[in-house]
Amino acid sequence: MDVILEQYFDFSIWTENFDAIMEGFWLTVQLSIIGGVLSLTWGLVLALLRQLPGRALAPVRGLTIAYIDAFRGIPMLLVLLLVSGSLGAFAAEGVLPQDIGIPRWLGRSDPFWYGIIAITITYGAYMAEVYRAGIEAVPSGQMEAARSLGMSHGQAMRQVIVPQAVRKVIPPLLNDFIALMKDTSLVSVIGLTELVQVGRDIQSETFNSSALTLGALLFLLITIPLARFIDYLINRQQERTSRTGGGGVAEPAPAGAAGTGQTGGPV
Amino acid sequence: MAEQMIQLRGVTKRFGDLEVLRGIDLEVGEGEVVCVLGPSGSGKSTLLRCINMLEPPNEGEIFLKGHNICEGPGSGEGEEGWDIDYVRQRVGMVFQQFNLFPHKSAIENVSLAQRTVLKRGEGEARTKAAALLNRVGLADKLDEYPDRLSGGQQQRVAIARALAMDPQVILFDEVTSALDPELIKEVLDVMRELAKEGMTMIVVTHEMGFARDVGDRVIFMDGGVVVEEGPPKDVLDAPKEERTRRFLGLVLEH
């Protein structure tokens with residue numbers, strides 16, 4: 001029993017390596033937040049491109065669908081290796097500007113940005129599908145009402161459809177964010193010492209897994225509250241829809257309240 | 001009647017193999033109120049949806065104040081061929097299911113398109129929206145969200161929303177069909193006022209009383225064609241066509 005406890009919960013390992021572990025955790029958090037925000041944005045762009053109307057834009061829709069299908073079907077690890085192994089080469093050949101081929105924005109290393117790019121490419125495709133489900137769940141009467149008022153497709157999307165769609169899909173988007181956060185550990189293969197890699201390094205030095213256990217706990221520190229928050233949002237949404245489901249009659253107005261005494265009001 | 005507001009010539013609409021409108025000819029004068037009656041599936045709603053291009057017709061011509069709206073930029077098959085902006089900014093529409101924007105308050109529902117389409121300033125749009133909501137009897141509901149309003153109130157907001165665009169014609173698509181009986185009158189009263197003020201209206205409805213009192217003309221449709229049309233009294237009390245008689249018999253029985 002003691003052997004097991006010591007293997008996973010040797011507190012001296014935690015205290016001795018606390019700074020290194022926290023540094024790895026901080027890197028994981030940065031990758032998650034920057035990658036998450038960019039994926040959310042890129043996913044929405046993809047979803048909107050997929051919904052563009054008219055025959056003339058069919059090629060754009062087709063390309064978008066091809067992109068989404070492709071990157072949902074390829075392991076993120078493979079995308080990561082493709083990005084990190086080729087962008088630098090393109091920069092060296094002069095095909096890409098140095099700043100894009102070997103990105104070192106905001107004082108971060110190029111592997112950091114290769115990781116961010118791979119995360120955004122992959123999770124953008126996933127999130128595009130979530131947005132799409134939300135957009136398609138908005139009743140068609142909303143688009144018709146907006147268009148009948150003279151709004152363009154773009155105006156109707158921006159002002160009417162997307163705000164409603166996003167509200168509907170916040171829970172599944174946060175679910176994808178949890179998956180994204182866990183997948184940031186893949187960037188260890190291109191030399192970034194994030195939370196999992198820190199644990200591995202310590203494990204191979206000490207033959208003890210406690211650093212990895214702490215890593216697991218740190219992941220849960222973020223993902224469990226997030227999961228509870230998602231449940232809360234879903235419950236609240238369900239309450240709302242059951243409240244307004246029956247025609248939305250809150251307080252019937254007295255019959256004939258309209259049109260009496262308001263004739264000739266300013267228009 | 002005065003000048004022609006809307007003219008339809010041979011308007012045909014197909015959904016796949018199903019021909020929903022089979023060559024509709026119709027003229028609506030300025031200030032005229034035309035009520036469209038007919039059994040479900042007769043093409044009444046599709047007719048309205050063709051006029052404001054939610055469903056562009058397959059064949060035929062539609063004129064709005066003499067302007068052929070079928071000769072839009074690009075003039076081709078499908079949506080690109082129709083002068084959609086010209087139509088929609090002049091033709092308002094009110095729907096059976098209200099279709100208010102649920103994430104916007106009543107006053108925001110009425111001001112949104114004024115700002116995005118007509119480019120009115122926020123102050124101007126809100127002033128106009130408040131005046132219109134007052135006119136439909138909802139001065140005390142400006143900041144309520146649609147899910148806090150009754151069906152009748154929601155429909156009156158929808159009418160105010162259509163009016164905010166200063167339309168020359170308003171199309172009403174069975175606007176009282178989704179309402180509880182006690183809420184129907186408040187919506188019909190608003191429409192009655194509009195008619196009195198000279199708004200050109202095409203009203204698809206099952207409210208025979210409204211058609212009789214407010215309609216200048218009644219059109220009976222069945223199977224995608226206009227079966228009979230004339231003054232409300234003639235069509236409702238002394239229908240010439242067998243199909244009209246049968247329909248009115250079924251509707252008025254209860």
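Visitor: What share of the contacts in chain B between residues at least 6 apart in sequence join residues at least 24 apart?

Guide: In chain B, 65% of those contacts do, where contact means heavy atoms within 4.5 Å. This is a predicted model: local features need pLDDT of at least 70 and side-chain atom pairs pLDDT 80 or more, while totals for chains, interfaces and linings use all residues. Residues are numbered from 1 along each chain as its sequence is written, chains are lettered from A and ligands numbered from 1 in the order written, and side-chain values use heavy atoms, without hydrogens and water.

Visitor: What makes B:Leu163 count as buried or exposed?

Guide: Its relative accessibility is 5%, and buried means under 20% (exposed over 50%, partly exposed in between; 1.4 Å probe, protein chains only). B:Leu163 is therefore buried. Of the 254 residues in chain B, 59% are buried. B:Leu163 belongs to helix H5 of chain B; beyond four places in sequence, its contacts include B:Ile170, B:Leu194 and B:Met199.

Visitor: Why is H4(B) called oblique to H5(B)?

Guide: Helix H4 (residues 122-135) and helix H5 (residues 151-163) of chain B pack at about 135°, with axes 9 Å apart. Angles under 35 degrees are roughly parallel, over 145 roughly antiparallel, 65 to 115 roughly perpendicular and the rest oblique, so H4(B) is oblique to H5(B). Their contact is made by B:Lys128, B:Leu132, B:Leu133 and B:Arg135 of H4(B) and B:Val157, B:Ala160 and B:Leu163 of H5(B).

Visitor: How do the residues of the contact of H4(B) with H5(B) divide?

Guide: There are 5 nonpolar, no polar and 2 charged residues. Asp, Glu, Lys and Arg count as charged; Ala, Val, Leu, Ile, Met, Phe, Trp, Tyr, Cys and Pro as nonpolar; the others, Gly among them, as polar.

Visitor: At what angle do the axes of helix H4 and helix H7 of chain A cross?

Guide: H4 (residues 58-72) and H7 (residues 110-137) of chain A cross at roughly 115°, and their axes come within 8 Å. The contact of H4(A) with H7(A) has 7 nonpolar, 1 polar and 2 charged residues.

Methods
Axes are lines fitted to C-alpha atoms, for helices over the stretch in contact, and angles run from 0 to 180 degrees between N-to-C directions. Helices (H or I, at least four residues) and strands (E, at least two) are DSSP runs, numbered from the N terminus.
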